Amino acid sequence: MGLIITSPLRGWATTLDSVPDPVFARRMMGDGVAIQPLGDTVVAPFDGEVVTLHDAGHAVSLRSAEGAEVLIHVGLDTVMLKGEGFTPLVAVGDRVSRGDPLIRFDLDAVALAATSLITPVIVTNAEVFAISRRTTDAAVGACEALMTLVPVQADARRRSDDGTVVEQAVILSLPHGIHARPAARIGEVARGFEAEMHLVKGDKRGDARSTIALLALGTAFGDEVVVQARGDDAEAALAAIVALLATDMGEGAPVVAARPAIAAAAPLRAGQIGGVIASPGLAMGPAARLQQAEIAVAREGADASEERAALRAARDAVRADIAARSDGASGSVASVMQAHLALIDDPELLAAAESRIAAGNSAGFAWRGAIRDQIAAIRATGNAHLIERIDDLVDIERQTLATLTGTTLDAAVPAGAIVVAGDLLPSQLVTLAAAKPAGLCLARGGPTSHVAILCAGMGLPAIVAMGDALDDVEDGSPLLLDAELGQVTANPPETDTRAFAARLAKRDARRAAAQAAAKDACHSADGARIEIFANLGSVEDARDAAVQGAEGSGLVRSEFLFLDRDTAPSEDEQHAAYQGIADALAGKPVIIRLLDIGGDKPAAYIPIDAEENPALGQRGIRVALAQPDLLETQLRAILRVEPVGQCRIMIPMVASVDELRQVRALVDRLRGEKGIATPVEVGVMVETPAAAMTADLLAAEADFLSIGTNDLTQYVLAMDRGNPAVAAGVDAMHPAVLRLIGETCRLAAIHGRWVGVCGGLASDPAALPILVGLGIAELSAVPGFVAEAKQIVRGLTLVEARAHAELALQCKSAAEVRALARAFEETRR
Ligand code: PEP
Ligand code: MG
């Protein structure tokens with residue numbers, strides 16, 4: 001016959017699938033029915049005893065004489081209301097009869113304040129009772145039949161051997177203690193193990209698999225709870241629950257009751273031009289307009305042998321210039337220089353130019369003609385990789401013609417100036433950087449382009465996508481470049497200049513303090529360990545990062561080590577590079593990302609057919625899995641690095657668990673072949689919305705997750721990270737991106753996995769408090785920002801970071817999030 005559970009409310013009964021909260025919808029807490037309430041009084045669904053009643057009055061649970069336990073949770077996120085609008089009518093331990101009132105609530109007030117009024121009615125001890133009948137998609141009155149429960153066999157998996165109990169104390173950082181949602185998550189994790197598990201608070205002890213028992217502990221933020229486990233996998237079970245309890249499980253902390261006044265994104269005044277921050281920072285100095293006009297050359301040449309000699313001399317001078325610039329350069333800078341050296345010595349280019357000279361052209365005209373023919377031929381191939389090289393050819397043409405005609409190119413930029421240009425090639429930036437400019441403004445360009453990445457690496461403040469308004473900035477006019485707000489002021493009034501100079505001075509002082517403490521480990525002001533790692537593209541970067549105080553590397557862009565070559569790097573070459581990085585970081589963790597080829601990172605040695613949508617095509621791990629030899633070579637090289645385990649493996653562009661499984665299987669096979677017993681961590685990059693939304697599935701099998709905010713932003717917003725036309729919108733501070741980051745942390749915490757950020761957002765000072773508040777445990781930034789990142793985190797408590805992040809998630813745009821971040825920073829100055 002079964003036990004009849006009647007509806008505790010008048011309303012519309014529906015399935016749990018329609019509850020917009022995964023804890024309920026995915027039955028983490030148990031099966032049941034949800035009611036969309038029309039009445040304001042919760043009544044007892046059977047005769048029984050009140051087992052728990054939350055202090056906030058929004059949730060009550062009862063146990064029947066047969067042992068069935070049912071939780072009634074009025075609305076979603078109603079714990080945040082702290083009792084406002086709820087009147088409990090019973091107390092824990094009271095015996096009640098079906099229909100007795102339990103809680104009365106202010107329907108209108110709660111509806112306005114809560115995320116939703118939908119009220120899950122959950123059978124929390126599913127191991128003892130199953131639902132044989134239920135009413136859904138129908139109107140129900142209070143005390144009308146809702147579910148029928150039947151007893152089931154107790155779970156045979158649970159073992160209760162006489163083994164030792166292992167235990168560990170944890171201080172709860174859950175802002176509202178263990179209420180229904182955290183209890184469900186704890187239960188879900190505990191059910192993944194065989195061991196018996198209990199949580200103990202004072203003299204109360206509750207089974208970790210029982211939501212009701214956990215609620216009955218009556219815990220609050222800051223309470224000490226002891227986790228106990230007994231059984232074969234007790235140690236692992238204990239570690240998983242302790243790791244989960246060490247987080248806030250994505251609950252945030254509504255400690256800041258009122259939202260601070262947020263200035264709307266500052267409106268631009270006359271003389272101000274807005275744009276997109278490509279590399280944060282502040283700079284002031286005169287504008288230096290980049291001369292990008294085409295260099296004029298005469299068509300007709302003089303004597304052919306003179307012209308040939310002039311061309312050879314010009315090429316020699318350019319070659320010497322490039323060699324000088326590549327001296328001591330590292331990473332992508334060194335790669336670009338290598339590519340240019342190869343072009344200047346290209347025999348076909350020289351032969352084509354010389355035959356034009358023989359036909360009567362001047363050296364300059366012949367060189368330009370030879371290069372333009374080459375460019376036309378490249379365009380005709382339609383090959384995306386080759387087309388990318390056109391910029392380099394244009395660069396070589398300009399440098400050679402400038403030498404031939406005595407034109408001064410980028411060297412005209414004075415030290416301390418702010419470079420103003422339409423667009424810039426990575427190679428031009430490298431050239432310009434030698435002149436030590438103070439900042440960069442581009443009319444076009446994108447915030448995650450390689451120019452932006454280079455600027456961030458150099459610590460050069462930069463704003464891009466400023467539009468045609470930049471044309472009005474005259475050469476030499478004074479500029480204030482605010483790459484914290486994303487705006488430039490031309491010809492500022494004296495008062496603005498003074499205020500800006502004061503901000504710069506404060507910033508410099510903060511940087512100096514950060515440098516002084518660069519080598520110290522990073523903890524938040526309330527003691528939470530947040531690791532500050534560095535992103536690397538070369539062994540030189542690793543040495544630099546070590547000097548800056550990096551606690552490891554959260555992203556080695558392994559493809560940067562092997563750009564601009566025609567053959568894949570051998571196992572030995574790769575091993576030497578990885579070992580060099582591991583040595584430079586002296587035993588600290590090094591996360592090597594598997595070759596991330598395709599999309600915006602072509603490689604000649606992996607030909608990819610022309611694609612209409614390269615960003616949605618053969619990219620990252622998809623390419624590697626399609627080229628098993630390449631993948632295996634790279635994994636072998638990583639596994640050879642000593643000491644084993646220092647290098648971890650990270651998979652780019654993951655969209656499903658299957659990709660992780662394939663790489664893990666290969667790693668395990670290679671470890672077996674090499675006789676490596678030490679485990680080697682394998683983690684995934686979260687760069688696709690799919691990875692973020694299934695972070696729990698990935699976390700169940702990955703050792704860690706690291707969010708690539710550059711790609712995640714482009715895929716979440718459906719805006720190409722390299723397309724200037726949409727660059728203004730490609731901001732990782734968009735609430736949609738932040739919500740996915742928060743969701744990733746919440747889902748990964750279910751399996752006790754840490755989540756890091758290795759995308760550009762980790763190098764954005766405005767974003768750090770939000771990221772820490774969302775639950776990020778590791779930030780991998782550009783080496784030059786490591787010391788400052790540590791200092792920012794040291795000044796934060798988790799509680800205030802969570803409250804700040806909570807507000808950020810409610811913002812309506814990236815601009816509003818940035819305004820909120822500014823307000824947050826201002827309160828701390
Ligand atoms: C990212 O996408 O954020 C990332 C770190 O990878 P990359 O910028 O190299 O694509
Ligand atoms: Mg990426």
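This is a predicted model: local features need pLDDT of at least 70, side-chain atom pairs count only at pLDDT 80 or more; totals for chains, interfaces and linings use all residues.
The cysteines were examined for pairing. A disulfide is a covalent bond between the sulfur atoms of two cysteines. The whole structure contains 0 disulfides. Cysteine 441 illustrates the result. Its closest cysteine sulfur belongs to cysteine 455 and lies 10 Å away, which is too far for a bond. The cut-off for a disulfide is 2.5 Å between sulfur atoms. Cysteine 441 is buried, and its relative accessible area is 0%. Cysteine 647 is likewise in no disulfide. Here the nearest cysteine sulfur is that of cysteine 758, at 16 Å. Cysteine 647 has 3% relative accessibility and counts as buried.

Salt bridges were considered next. The count comes to 40 salt bridges. One of them pairs arginine 312 with glutamate 354. The closest N and O atoms of this pair are 2.8 Å apart. Arginine 312 belongs to helix H6, residues 304-326, and glutamate 354 to helix H8, residues 347-358. The bridge therefore ties together parts that are 42 residues apart in sequence. Arginine 312 is partly exposed at 39% relative accessibility. Glutamate 354 is buried, with a relative accessible area of 16%; the limit for buried is under 20%.

In one, the side chains of glutamate 673 and arginine 636 meet at 3.5 Å, N to O. Glutamate 673 sits in helix H19, residues 657-674, and arginine 636 in helix H18, residues 628-639. This pair links distant parts of the chain, 37 residues apart. Glutamate 673 is partly exposed, at 47% relative accessibility. Arginine 636 is also partly exposed, with a relative accessible area of 21%.

In the other, glutamate 701 and arginine 661 form a salt bridge at 2.6 Å, N to O. Arginine 661 is in helix H19, whereas glutamate 701 occupies the loop between helix H21 (695-699) and strand S32 (705-707). The partners are 40 residues apart, and the pair again links distant parts of the chain. Glutamate 701 is partly exposed, with a relative accessible area of 28%. Arginine 661 is partly exposed too, with a value of 47%.

Glutamate 659 is buried, with a relative accessible area of 12%. Between glutamate 659 and leucine 698, the C-alpha to C-alpha distance is 10.0 Å. These two residues are 39 residues apart in sequence.

A patch of like charge was found on the surface. Asp468, Asp471, Asp472, Glu474 and Asp475 make up this negative patch. Aspartate 475 is located in the loop between strand S24 (462-464) and strand S25 (478-482). With 52% relative accessibility, aspartate 475 counts as exposed; the limit for exposed is over 50%.

Backbone geometry was then inspected. Most residues other than glycine have a negative phi, and most peptide bonds are trans. A cis peptide bond joins glutamate 642 and proline 643, with omega at about -10°. Proline 643 lies in the loop between H18 and strand S30 (647-651).

Positive phi values in residues other than glycine include those of cysteine 143 and alanine 586. For cysteine 143, phi is near 75°. Cysteine 143 is placed in the loop between strand S13 (138-140) and strand S14 (145-151). The residue cysteine 143 is partly exposed, at 35% relative accessibility. For alanine 586, phi is about 40°. Alanine 586 falls in the loop between helix H16 (571-584) and strand S29 (590-593). At 61% relative accessibility, alanine 586 is exposed.

Technical notes
Residues are numbered from 1 along each chain as its sequence is written. Chains are lettered from A and ligands numbered from 1 in the order in which they are written. Side-chain values use heavy atoms; hydrogens and water are left out. Buried means under 20% relative accessible area, exposed over 50%, partly exposed in between (1.4 Å probe, protein chains only). Patches are made of residues with over 30% relative accessible area and no salt bridge: like charges are joined within 9 Å, nonpolar side chains (Val, Leu, Ile, Met, Phe, Trp, Tyr) within 5 Å. Accessible areas come from the Shrake-Rupley method with a 1.4 Å probe; for residues, only the protein chains shown count as cover. A salt bridge is a side-chain nitrogen of Lys or Arg within 4 Å of a carboxyl oxygen of Asp or Glu. Lys and Arg count as positive and Asp and Glu as negative; His and the chain ends are not counted. The place of a charge is taken as NZ of Lys, CZ of Arg, CG of Asp or CD of Glu. Helices (H or I, at least four residues) and strands (E, at least two) are DSSP runs, numbered from the N terminus.
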